[in-house]
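Subject: Structure for your files

Dear colleague,

Here is the structure I said I would pass on. My notes on what was found in it follow below.

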Amino acid sequence: MLKQRVITALVLLPLMLGMLFWASDGLWAAFSGLIALLALWEYARMSGMEKTQNHHYLAATTVFGITAYAGGWQLPAVSWLAVLAFWLLLMPLWLYKKWPLKADWKAYATGLMLMLPFWFALVSLRPGAESAVSLLAIMGLVWVADIAAYFCGKAFGKHKLAPAISPGKSWEGALGGALCVAVYMIWVNGAGWLAFDVSWFGAVLTGWVLTAVSIGGDLLESWFKRSAGIKDSSNLLPGHGGVFDRVDSLIAVLSVYAAMMALLG
């Protein structure tokens, strides 16, 4: 298992960085779309959609994405407000209520709310290769929070964060992740790698909001899997599970970050 994880990581990391820094705008949009569609396919299977339903769902989403990119469409402000409402209000309520995921209109709508803003965020936050560093800095926040939470949780974790959803997560781990993110945000802000001008304190506050969203995105996908009775979203990535497993926090963080950038500049 460890060997598979390492090999998969050694393949995916250079591919991701290569696309981020050197792909043309169109290729980046297509690559980002592939990630979002694979995660959407896994999500649809979790929700219990039949194979035909899933194929139609993916086909319609693909057509929309191609049309949106070809037409230079941008999400309007009301859509970004809906994204913030979903991740800051509905997502915590969903975790609290533990609503099951069923193959109905709500599942269709939720899948689009997850993946379309994620794709728009990846495209809009990287209008060209010159923006790769600032996008990578926000992605790095997710990885710092996740790694720090894991090790702090292992070392100090005593109080479970969401035992019915993800028993391995603890409040101590979340706090450790938040502290490490604060240091990270001060560093990247000082290096000028963020796409916005803000004081070090503002950078820390932004980092903490996104850290909370990152944890929520991870927990929401964990609940989807628990509701569906599965361990991994798929087996597309040997040793890592599925694409959704790997980008659950990124989906939440980049969507919220893009909404903040669109609404607040």
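S255 counts as buried, at 0% relative accessibility; buried stands for under 20% relative accessible area, exposed for over 50%, and partly exposed for what lies in between, with a 1.4 Å probe and protein chains only. This is a predicted model, in which local features need pLDDT of at least 70 and side-chain atom pairs count only at pLDDT 80 or more, while totals for chains, interfaces and linings use all residues. Residues are numbered from 1 along each chain as its sequence is written, and side-chain values use heavy atoms, with hydrogens and water left out.

S255 sits in helix 9 (residues 243-264); helices (H or I, at least four residues) and strands (E, at least two) are DSSP runs numbered from the N terminus. Leaving aside residues up to four places away in sequence, S255 touches W80, V83, W87, L114, P117, F118, A121 and L250, where a contact means heavy atoms within 4.5 Å.

Another serine, S124, belongs to helix 5. At 32% relative accessibility, S124 is partly exposed. From S124 to L254 there are 130 residues in sequence, and 10 Å in space, C-alpha to C-alpha.

S32 is in helix 2 (residues 25-46) and is buried, its relative accessible area being 1%. With residues up to four places away in sequence not counted, S32 touches W119 and L122.

I7 is part of helix 1 (residues 2-22) and is partly exposed, with a relative accessible area of 46%. I7 and W41 are 34 residues apart in sequence, and their C-alpha atoms are 24 Å apart in space.

K98 is not a glycine, yet has a positive phi of about 55°. Most residues other than glycine have a negative phi. K98 lies in the loop between helix 4 (77-97) and helix 5 (105-124), and is partly exposed at a relative accessible area of 33%.

Next, the strands. Strand 1 (residues 160-162) and strand 2 (residues 166-170) run antiparallel and are joined by two bridges; strands pair if DSSP finds at least two bridges between them. The two form a hairpin, with three residues between strand 1 and strand 2. K160 has S170 in strand 2 as its bridge partner.

As for the whole chain, the protein has nine helices and two strands, in the order α-α-α-α-α-α-β-β-α-α-α along the sequence. Its radius of gyration is 18 Å, close to the 18 Å that the globule rule gives for 265 residues, so the protein is as compact as a globular protein of that length. That radius is taken over C-alpha atoms, and the rule is 2.2 Å times the number of residues to the power 0.38. The C-alpha trace spans about 50 × 40 × 40 Å along its principal axes.

Of the 265 residues, 47% count as buried. Among contacts with a separation of 6 or more, 74% are between residues 24 or more positions apart. The protein exposes about 13,300 Å², of which carbon and sulfur atoms supply 70%; accessible areas come from the Shrake-Rupley method with a 1.4 Å probe, and for residues only the protein chains shown count as cover.

Regards
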